[in-house]
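Colleague: I am new to this one. Could you walk me through it with a few questions?

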Number of protein chains: 6
Amino acid sequence: MSGIVVQNIERADQSLIDGLAKCGVSTVHEAQGRKGLLADYIRPIYSGARIAGSALTILAPPCDNWMLHVAIEQLKAGDILVVGTTSPSNAGYFGDLLATSAKAHGAKGMIIDAGTRDVRDLKEMKFPVWSKAVFAQGTIKETIGSVNIPIVCADALINPGDIIVADDDGVCVVRREEASDVLEKALAREANETDKRARFEAGELGLDIYNMRERLAEKGLKYV
Amino acid sequence: MSGIVVQNIERADQSLIDGLAKCGVSTVHEAQGRKGLLADYIRPIYSGARIAGSALTILAPPCDNWMLHVAIEQLKAGDILVVGTTSPSNAGYFGDLLATSAKAHGAKGMIIDAGTRDVRDLKEMKFPVWSKAVFAQGTIKETIGSVNIPIVCADALINPGDIIVADDDGVCVVRREEASDVLEKALAREANETDKRARFEAGELGLDIYNMRERLAEKGLKYV
Amino acid sequence: MSGIVVQNIERADQSLIDGLAKCGVSTVHEAQGRKGLLADYIRPIYSGARIAGSALTILAPPCDNWMLHVAIEQLKAGDILVVGTTSPSNAGYFGDLLATSAKAHGAKGMIIDAGTRDVRDLKEMKFPVWSKAVFAQGTIKETIGSVNIPIVCADALINPGDIIVADDDGVCVVRREEASDVLEKALAREANETDKRARFEAGELGLDIYNMRERLAEKGLKYV
Amino acid sequence: MSGIVVQNIERADQSLIDGLAKCGVSTVHEAQGRKGLLADYIRPIYSGARIAGSALTILAPPCDNWMLHVAIEQLKAGDILVVGTTSPSNAGYFGDLLATSAKAHGAKGMIIDAGTRDVRDLKEMKFPVWSKAVFAQGTIKETIGSVNIPIVCADALINPGDIIVADDDGVCVVRREEASDVLEKALAREANETDKRARFEAGELGLDIYNMRERLAEKGLKYV
Amino acid sequence: MSGIVVQNIERADQSLIDGLAKCGVSTVHEAQGRKGLLADYIRPIYSGARIAGSALTILAPPCDNWMLHVAIEQLKAGDILVVGTTSPSNAGYFGDLLATSAKAHGAKGMIIDAGTRDVRDLKEMKFPVWSKAVFAQGTIKETIGSVNIPIVCADALINPGDIIVADDDGVCVVRREEASDVLEKALAREANETDKRARFEAGELGLDIYNMRERLAEKGLKYV
Amino acid sequence: MSGIVVQNIERADQSLIDGLAKCGVSTVHEAQGRKGLLADYIRPIYSGARIAGSALTILAPPCDNWMLHVAIEQLKAGDILVVGTTSPSNAGYFGDLLATSAKAHGAKGMIIDAGTRDVRDLKEMKFPVWSKAVFAQGTIKETIGSVNIPIVCADALINPGDIIVADDDGVCVVRREEASDVLEKALAREANETDKRARFEAGELGLDIYNMRERLAEKGLKYV
């Protein structure tokens, strides 16, 4: 596959991105109609991080991290590196040196459908990574791939400039052109949840809050 | 499958339950003759919790968490929600709102042979969950299931009112009618282990403490 | 298989072992030419430990931990117990009592291609274990295996007396006779990385530091 | 766990069993309300077999096939051996000698939540097995289990005397006391499917046969 | 997610499709630069089929096969149904009735990132399916999805009208606009392979045919 | 890792190899004390083949099949190619061209802890392959490995010249120096099994043939 680096991509407004980060993955996923989740095998290397940013996409060959160096030159402050591979690999594409470089160029974190390593250092640097594996296995620099083309990462289609939201629940992608609408719905959802939470804390039942009893009876639920 | 909610179930004495909680999963599992463990893919969403409680069982359709709302109404203080599904699913059946409701009705925790989400909130609320996956994927409310019938959860048969013990080692079920006997054996085991631990710390070998040398030689073990 | 216990094995110099521990798994793995890694399913039961030691190897039957007792008698201070099995098993071969005994005899930690349990206790004792599973499932003591013979553990061949390095990135084995050479290369690598890290922090790109631009162009990479 | 062999179990009428065999797994599963399926990792060792029979249940320790010998004495003509284990195992519990013995005592086949071996011989003997693995790994005869108690096999609860239906689609269990009702519904379903099949062959659409268009529109489906 | 059915999609020339079918998956995949493969967990339900056709794409909810009925109305002769899901599912979305309907409307086969059932019937009908699982688990008809939008199926992005090639090696997607170019390269590759095969049969070595010896020596390969 | 090709290896007598082939994997595995099995994920690409031969070992980088060309030059008639990788890979290392070349140089088959492709052609050629995956994913030729050094393949240690036995039950390795002894034991085992099979066919029980009743009673087995 001939390699391409797309240098100028559109990014969403920072205010939208920041808003989505605050809502978190589960809320954003619901707000946009239950789409955009990456597969559940993508897990954070440490717990507690919650970030959002513009996707700088990388398509890399298996066990070959050359394109990560190429991609770092394309970073703008606040971007998130998102790596898909042309064939499955658990190799450790990313470690503390690359993280140092990515951080120096403004990266907020990385999502990789492969392995990462030096996780103790990454945690100390507070550079969050969501990956398929933690694996020290080294990579080579022999085959080119592409930067900033649409990729499939962990079952999800990701376009360059889409917004990535990531936290302990996993990773979600929001289309750039839908970000404003999704944020609005996510905020409405949060407002609604605050109210609901208070009622749940007071002991009200979901059966009553959501008027479920009649429909359950219609479906045939029997109490014995 | 027609849905049934069994409203009155027998529960074990609180003192038995509290006793089993203190012993922990590995000891209880050994004390009852190495049975009752749930599959090892069921893992806690955070480490350090150790609980026991009466199983309030839920049989739920795949990707459908409707019955959790139904189940919460049946909770008594100290119960543990235990969810099996009619077909495998990693979807996120359970999040912070349902946890708020379950906690308000006395639930001590949840065991689910599927996914959970909002894990950061659950950790802050100190509501422990043992699950097959952490996944933000939303669920629907379209198909009924049952509450408080015998279920299979992570390879184990669980009857409503059985005692669930859960900690960092995993999850174990104790039959309600065997709880008193199991606790007695578990406590005896612990007493015995305290003595053994002291001898091990002093450097005595298991080979001598358990008189293994002769039997090993009979089996043909050779030192070279 | 007739069981054998090899009582006297060669061990590497303590200074080499300590040096490798400081370098960590990813560096050591690279320094010895990207070989020696155990499979990535072997994970630490808690994060933050970094150890190295001489491998005391154990070949154990499935679901049978008898040979661990045999092996503990053969420990010397600083050894690491390394367990392979004759058939795959996730059972919990190792818990707090065995850890107490192993620690009393100088073991620094354990690597096991099977399950472990009592992980809360092991963490409190600061006895690090890298395992395939956390599982309370008990084992029996019926079939003999061997101690200090070459074994396969998590896809890697491990000879007794080889050096094991383990941290949050996983586990790596270094041949005893190559340890001195590997340490030298690992230290050179670390020195080089310190310099590189400073340049990356200052914003220099890997593309320039490693002179990659020309070769990428030769391979056909296009910027658009 | 103390071992028990229950010698006399109730079995369903042969006519019910034969009727269910003809319907096959997918139809029976639907007819009984989409319940009773074993996990999809249970696969036939060769394709084309379709059987039904009364479950003779076996709970066996990991890597130990002793109870299979015990169970064979309890066989009646037409029974199916169903094996669950007390801890996961892929070992080869069953081969040509045991199959010869089981066949001589009337067994129609075997379902095992573990491994089998000698699959070339089993195929030649036309003794069908549905298993989790094909693996030559031998087993021992050291620990007892039980025969004809309720077991969990591949996520499903199976009582002795329940009816097992198995074919290329997998394995399904029918409760003995529900067999007559399930057969009736399965036959009705088959009659209905014959009619439907003719209409589908003639080019009629499911959208029209099942009157789906209006409900799809209500849910918001848009044609563009 | 609001559901959409795109009714008119572009399809490639039949001659291109037929040409690609003859080349097979491995050759097509190489010819287009080693891209476009679906994940290797997608396997044929029987061996020996080799097909190509235009992708009619379906995005379906987990455990819900409603959209398959919707899609069949959109089939043109020679199409291949390609199903992705909004959340992972192994349920049996597809069986003999739907296959009868799909075949009546011209479908050549199905690719599904989920389960299928009635595999004995499908084999008899010679309706080939490539799936993630064989599982009798039934599905519901409650939630809408979309037809003929770009989907992710088994890690690959598939647009409606792309060409699917499937055989015993797996499944590959070719972009519609690249089909002519890919076919040309695939045919060239085949011609070249015929020549190579004759030389290999005559005993010539790849080392010589591809002039590898010098480069291997440069890389440091040593013969001892 | 610097690459090495060992050109002269010792091979076992052809008569021993042929004898082991006739016994098959399960018998050989038992005869040598239940050791030497490769992991059960290694499966034949078609059923019915049963071969034995001397291992020509290959250590290959992930997704790189260069060393297969190197290895073919080292083949002697009757050898089996055995491939381990330095990092896990499912890529298709081996297809019809390489098989043509390997066959021309006398190879009887291949065992590979990675993927293979062109499986329809391989079946037609009657060139049996046991692999971890069937996957069309192409490989590169950039990094060297080694030929005829000890390797780990699917959890088993394999030395060049060891004897590989492979059939539908999987793959087993026999140390060259133990082959004569193992064959003798395997033949004795077969003779014994012929006798046992006759007794099983006549309805005798394993309980009686092996005198198990007393020992079962001692272990506490109860008939109810």
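What follows is a short exchange on cysteines, symmetry, salt bridges and chain contacts.

Colleague: What kind of model is this?
Modeller: Keep this in mind for every value below. The model is predicted.

Colleague: How many disulfides are there over all chains?
Modeller: A disulfide needs two cysteine sulfur atoms within 2.5 Å. Cys63(B) is in no disulfide, as its nearest cysteine sulfur, that of Cys63(E), is 4.6 Å away. Over all chains, the count of disulfides is zero.

Colleague: Is Cys63(B) buried or exposed?
Modeller: The limit for buried is under 20% relative accessible area. Cys63(B) has 5% relative accessibility, so this cysteine counts as buried.

Colleague: Which cysteine has the sulfur closest to that of Cys23(C), and how far away is it?
Modeller: Cys23(C) is buried, at 4% relative accessible area. The closest cysteine sulfur to that of Cys23(C) is too far for a bond. The partner and distance asked for are Cys172(C) and 11 Å.

Colleague: Which kind of rotation axis relates chain C and chain D?
Modeller: Chain C superposes on chain D by a rotation of 180°, with 0.0 Å of shift along the axis. The RMSD is 0.0 Å. The two copies are therefore related as by a two-fold rotation axis.

Colleague: What percentage of the contact residues of chain C recur in chain D?
Modeller: The same surface serves both copies. The share of contact residues of chain C that recur in chain D is 100%.

Colleague: And which kind of axis relates chain C and chain A?
Modeller: Here the rotation is 120°, again with 0.0 Å of shift along its axis. Chain C then lies on chain A with an RMSD of 0.0 Å. So these two copies are related as by a three-fold rotation axis.

Colleague: How many salt bridges does the structure hold over all chains?
Modeller: A pair counts when a side-chain nitrogen of Lys or Arg is within 4 Å of a carboxyl oxygen of Asp or Glu. Arg50(D) and Asp167(D) meet this, with N to O at 2.9 Å. Over all chains, the number of salt bridges is 98.

Colleague: How many residues apart are Arg50(D) and Asp167(D)?
Modeller: Arg50(D) sits in the loop between β2 (43-44) and β3 (51-60) of chain D. Asp167(D) is in strand β10 (residues 163-167) of chain D. The pair links distant parts of the chain, 117 residues apart.

Colleague: Are Asp208(F) and Arg213(F) buried or partly exposed?
Modeller: They form a salt bridge, and their closest N and O atoms are 2.9 Å apart. Asp208(F) has 38% relative accessibility. Arg213(F) has a relative accessible area of 36%. Asp208(F) counts as partly exposed, and Arg213(F) is also partly exposed.

Colleague: Which residues of chain B join the salt-bridge network with Glu30(A)?
Modeller: Salt bridges that share partners build one network. From chain A it includes Glu30(A), Arg34(A), Arg189(A), Glu193(A) and Arg197(A). From chain B come Asp96(B) and Arg117(B).

Colleague: How far apart are the closest C-alpha atoms of chain A and chain D?
Modeller: No contact joins chain A and chain D. No contact joins chain B and chain F either, with closest C-alpha atoms 13 Å apart. For chain A and chain D, the distance is 13 Å.

Notes: Residues numbered from 1 in each chain as written. Chains lettered and ligands numbered in written order. Predicted model: local features only at pLDDT ≥ 70, side-chain atom pairs only at ≥ 80, totals over all residues. Heavy atoms only, no water. Buried < 20%, exposed > 50% of the residue type's maximum accessible area, 1.4 Å probe, protein only. Least-squares fit on C-alpha atoms with pLDDT ≥ 70 in both. Contact = heavy atoms within 4.5 Å. Helix = DSSP H or I, 4+ residues; strand = E, 2+ residues; numbered from the N terminus.
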